[in-house]
Amino acid sequence: MSEKKPALWLRIYTFLVYAYIYIPILILIIFSFNKQKLNIRWEGFTLQWYEKLFNDHQVLLATKNTLLIAVISTLVATVIGTMAALALQRYHFPGYAASETLMYIPIVIPEVVMGISLLAFFALIKFKLGLATITLSHIAFNIPFVTLVVRARLHGFDKSIEEASMDLGANELITFWRVTLPTIMPGVLSGAMLALTLSLDDYVITYFTAGPGSTTLPLRIFSMVRFTVTPEVNALSALWVAIVFVILLISEYAQRRRA
Amino acid sequence: MKKYRIATLFILVALLLVACGGQKASNVLNLYAWSEYVPQGLLDDFTAQTGIKVNYDTYSSNEELLAKLQAGASGYDLIIPSDYTVAIMIKQGMLEELDHSKIPNFVNIDNRFTNPDFDPGDKYTVPYQWGTTGLMYDKTKVPFEPTHWADLWDPAFANRLVALDDGREIIGVVLQTLGYDKNTVDQAQLEEAKQKLLELKPNIRLFDSDSPHTALLNGEAWAGITWNGDAALAFRENPDIVYICPQEGCGIWFDNLAIPKNAPHKDAALAFINYVLSPEASVMITEEFPYSSPNTAGLEYLKTYDAALYQSYMDFSGTNPSDDFLAHATPIRDVGDATTLYDRIWTEIKGEE
Amino acid sequence: MKTARVPDKTVRRFSLTKTLQESPVAQGLFLMGPTNTYLIVFMVIPLILVTVLSFLSRGTYGEVVYKFNLENYIRLFDTLYARILGYSLLVGFLTTLFSLVIGYPMAYYIARAPARQRSLLLFLILLPFWTNFIIRIYAWIMILRSEGFLNSFLQWAGIIHEPLNILYTPTAVLIGMVYEFLPFMVLPLYTSLEKIENAQLEAAADLGAPPWKAFLRVTLPLSVPGMIAGTILVFIPAMGMFVVPDLMGGAKTMLIGNVIRNQFLTARDWPFGAAASMLLMLLTMVFTLYYTRKAGFGEELLL
């Protein structure tokens, strides 16, 4: 039986919410072509900010760092976080309550506190500040987000398919890989996407755990704000969105070809 | 599970590589300063002359700089703290003493700015830029042209003011309006200032320490309490913007180059300081950023290098305040234990419903 | 599922994989292990630092004085901070409520969309958040200010004659907060809703239930875990958030996040900031644990 098409009001509503989400983005993309520096009035079309962007080594370096940190911390956090979600949703073990509480600490702790105490910790163990320290910190706050989302997915998970799989002779590992994981994959991917997003935009914790030469995009942009954020930043964001969009379109097209 | 372990291992190895693959070159200078404060052209020129590559990391407030260094961060060679921050850092032994034999260009500095009270004998710092904090307004929008801070309390300014989001600065302005010292620790005076500030609150449309001039340029505010660089940026876009030091007094600040203790590349830092003090470098800074320069040789050089820029620098009260302006300007000083008192007042002001 | 085991005649050696395969407890510990290790190193040790710090004092120049005392906690016992905390709770609550109300139908739509489209739709929600936080908020300021897009449009359309005063008011703050937190509510909701089988809904329909009743009795309860996860992910950070209220509300209010930040960065009274953080953390931790347990997160373990 095919799925019923959702009601018209629901479709309109969803469209409106997407509009709410995208209107500011459209504005900032449009203003990346604005002659005026200040994002206040439209003064004419120009590509100068894109040009400036490609010549700005600082920003390019920061972008590279930001991406590297985001990807690595998301990968690690997703793996570890999914494991933890499985543990918490399906197993009894000594220290369960403590583990669960521990999990929530990165969510409840204020960022300034987390940033400063991580810095003090790294200083204490004489671990040089740099990309590594930032990544390690990002993993720490990403894990609970992944776990929480995957747990929501696991709740009410019907174990009978797993049992069926094992009845048919598959061991735990294969069952997990072939049965469990695909079923919880939407949760895992959602968690991963959330973690990636958090990492890309983090300021406070990154500020305190960054070292010389390991600046990230949020750090650069936040500190540019004093002197006015020029449309160069708009250009960067516009490019980013455009690139990801293109990748999406390509993968959609590829999927359609396959089907 | 094995697959996961291997994957995690790979990732950890990658992490380690990233960590160890950092800058190993000794021909490097780690600069840690405000963003948009040191021209890229200057850094490039320095690299061309000395072969030393400069890493330019940024912070967005003195307090962030302090917090990070106090919590244990190291690896930075050069920082640009403001006057009161320098005072705190010296008291906590956070700065290296400067070897003046390596910075002969120090003579270029205007001797109004040498031997400051926050660093007697110029032992730890060298002036970089300076400026003032005053009253900025759009003369076409305001109901009348203010000459005193007290004017801002007028109901005609209701919900039309922008103020720095800085407790010390704003409470300081109120203290000056009441005729008190802006660095007072007297509880009775501070209580009075608090009450007076509460009366001003309805006139304040927003607090903003990032870019107060934006509110003036886009029409949200008509007047504001801000620093000179910000007013200059507004003036560039709108010549109707006026920047003054009100009769009761205003503020003055100094940013300085300093070397944190145990900096890994001290010699490179000293070479950089000396380079920045040269007239050519000084002019590069003045060209790009609208603050006041403490470098007399630089300003002299600017006269011939770019006469038009020199003229506009001299004409604008933000970059070149008159003697009268300066006579009324008082700097912010650290107030030690009373800092928590000021913080409490600021919390109460904002926490008021 | 244990099969009967024949005792080995050879010496029993401890085998990790065998233990893992047979003992649920071992499996649980193994899965939880990496997280615990990681968090103990990177969270607990810093946390201990903060706890100790909260019992110390501030020196004259902002340094830490190592004298154990309860001054900071006593200072927190004040109507000023209670009011600030209350206001922060309100901000958190309203943000969560609106995110939930606005996000739920959207999550539902995506969960019901054809399988191929779902990832794309989700991704489209997150994509804007890969631009920079500050410029997103600045874009909102451009929209909401007196001479901004919204007011210009409404005046041009003749709907209003005077510009609406939205920017730098609580309304603007709410708009901004919900904007920033919507994905954190939609994503968990989606993962929960997506799981609900059509078969269950069809069964309800077969039994004569109208769509709205099926929704209330079947869909809604089954999406509770998603709502819980979403609430935690929104409420707690929202309560401590201050950047959006500062930028879009004109920084005219003091929230608990501001207080804590000011202690570390302006007043440089780290011990007091640590104490305020401990208080906040305790409150949110209690809330989280109570709420999740009550609503059944982890209830499978009781079966």
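I started with what the buried residues of α10(B) pack against: α2 (40-50), β4 (125-138), α9 (266-276), α11 (296-305) and α12 (307-315) of chain B. I took packing as contact, meaning C-beta atoms, placed from the backbone, within 7 Å. Helices (H or I, at least four residues) and strands (E, at least two) are DSSP runs, numbered from the N terminus.

This is a predicted model, where local features need pLDDT of at least 70, side-chain atom pairs count only at pLDDT 80 or more, and totals for chains, interfaces and linings use all residues. Residues are numbered from 1 along each chain as its sequence is written, while chains are lettered from A and ligands numbered from 1 in the order in which they are written.

Back in α10(B), residues 279-288, I listed B:Ala281, B:Ser282, B:Val283, B:Met284, B:Ile285 and B:Thr286 as buried (20 or more other C-beta atoms within 10 Å of a residue's own; exposed is 12 or fewer, partly exposed in between).

Next, chain C. I found the axes of α13(C) (residues 256-265) and α14(C) (residues 270-294) coming within 7 Å and crossing at roughly 150°. The axes are lines fitted to C-alpha atoms over the stretch in contact, with angles from 0 to 180 degrees between N-to-C directions. The two helices are therefore roughly antiparallel (over 145 degrees). On the α13(C) side I noted C:Ile256, C:Val259, C:Ile260, C:Gln263 and C:Phe264, which meet residues of α14(C) including C:Trp270 and C:Leu280.

Last, chain A. I counted eleven helices and zero strands, and of its 259 residues, 52% are buried.

Key. Parallel < 35°, antiparallel > 145°, perpendicular 65-115°, else oblique. Contact = placed C-beta atoms within 7 Å.
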